[in-house]
Amino acid sequence: MELTLTDISDHGGFIPDAPVKCEIKFTLDDGVERTGFIHVKRLSIGAHESLYIGAQDKQSRTALLISETITLGKDGKEQISFKNAYKLHPSLAAAMIEQFTIVNNGGKKN
């Protein structure tokens, strides 16, 4: 089959700007499992590559990924700063990254 730009567009080959609302579950040091919703930005190949191009070598790539792709709040407009992402509890950060991976991997876990 010869693909055209229209074919690619009609089948979702271009990444939309709207984030995807996802439910996460995480447990903090108190042992209580919590559930909440986050919004995950889908990244095109170009956006994924440019995310790390300007990153400093010693900068946390996980915190950078969270601060650039995860938003909070009812409408998904509350940004997490790099500084706050850097301080996240590992369980919460892992739940966020898991959803990022699912959303950006066609709905599949690695």
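The following paragraphs describe the fold, surface and selected contacts of a predicted model.

Residues are numbered from 1 along each chain as its sequence is written. In this predicted model, local features need pLDDT of at least 70, side-chain atom pairs count only at pLDDT 80 or more, and totals for chains, interfaces and linings use all residues, while side-chain values use heavy atoms, with hydrogens and water left out.

The chain contains 5 helices and 4 strands, where helices (H or I, at least four residues) and strands (E, at least two) are DSSP runs numbered from the N terminus. Along the sequence these elements follow the pattern α-β-β-α-α-β-β-α-α. Taken along the principal axes, the C-alpha atoms fill a box of roughly 55 × 30 × 25 Å. Of the 110 residues in the chain, 26% are buried; buried means under 20% relative accessible area, exposed over 50%, and partly exposed in between, with a 1.4 Å probe and protein chains only. Among contacts (heavy atoms within 4.5 Å) with a separation of 6 or more, 47% are between residues 24 or more positions apart.

The chain carries 13 positive and 14 negative charges, whose mean positions lie 6 Å apart. Lys and Arg count as positive and Asp and Glu as negative, with His and the chain ends not counted; the place of a charge is NZ of Lys, CZ of Arg, CG of Asp or CD of Glu.

The strands form an open sheet of 4 members in the order β1-β2-β3-β4, with antiparallel pairing. The edge strands are β1 and β4, each of which pairs on one side only. Two strands are taken to pair if DSSP finds at least two bridges between them. Strands β1 (residues 20–27) and β2 (residues 33–40) run antiparallel and are joined by 8 bridges; Lys25 has Thr35 in β2 as its bridge partner. The hairpin of β1 and β2 has 5 residues between the strands, and in this hairpin Gly31 takes a positive phi near 80 degrees. On pairing with β3, β2 contributes to 2 bridges, again in the antiparallel sense, and Val40 stands opposite Ile70 in β3.

The structure holds 1 salt bridge, defined as a side-chain nitrogen of Lys or Arg within 4 Å of a carboxyl oxygen of Asp or Glu. Arg34 and Asp30 form a salt bridge in which the closest N and O atoms are 2.7 Å apart. Arg34 is partly exposed, at 30% relative accessibility, and Asp30 is also partly exposed, at 47%.

In helix α3 (residues 61–69), the buried residues are Ala63, Leu64, Leu65, Ile66, Ser67 and Thr69. These buried residues of α3 pack against β2, α2 (45–53), β3 (70–72), β4 (78–79), α4 (82–86) and α5 (90–103).

Helix α5 includes Leu92, which is buried with a relative accessible area of 16%. Leaving aside residues up to four places away in sequence, Leu92 touches Ile24 and Phe26. Leu92 and Leu43 are 49 residues apart along the chain, and their C-alpha atoms are separated by 21 Å.
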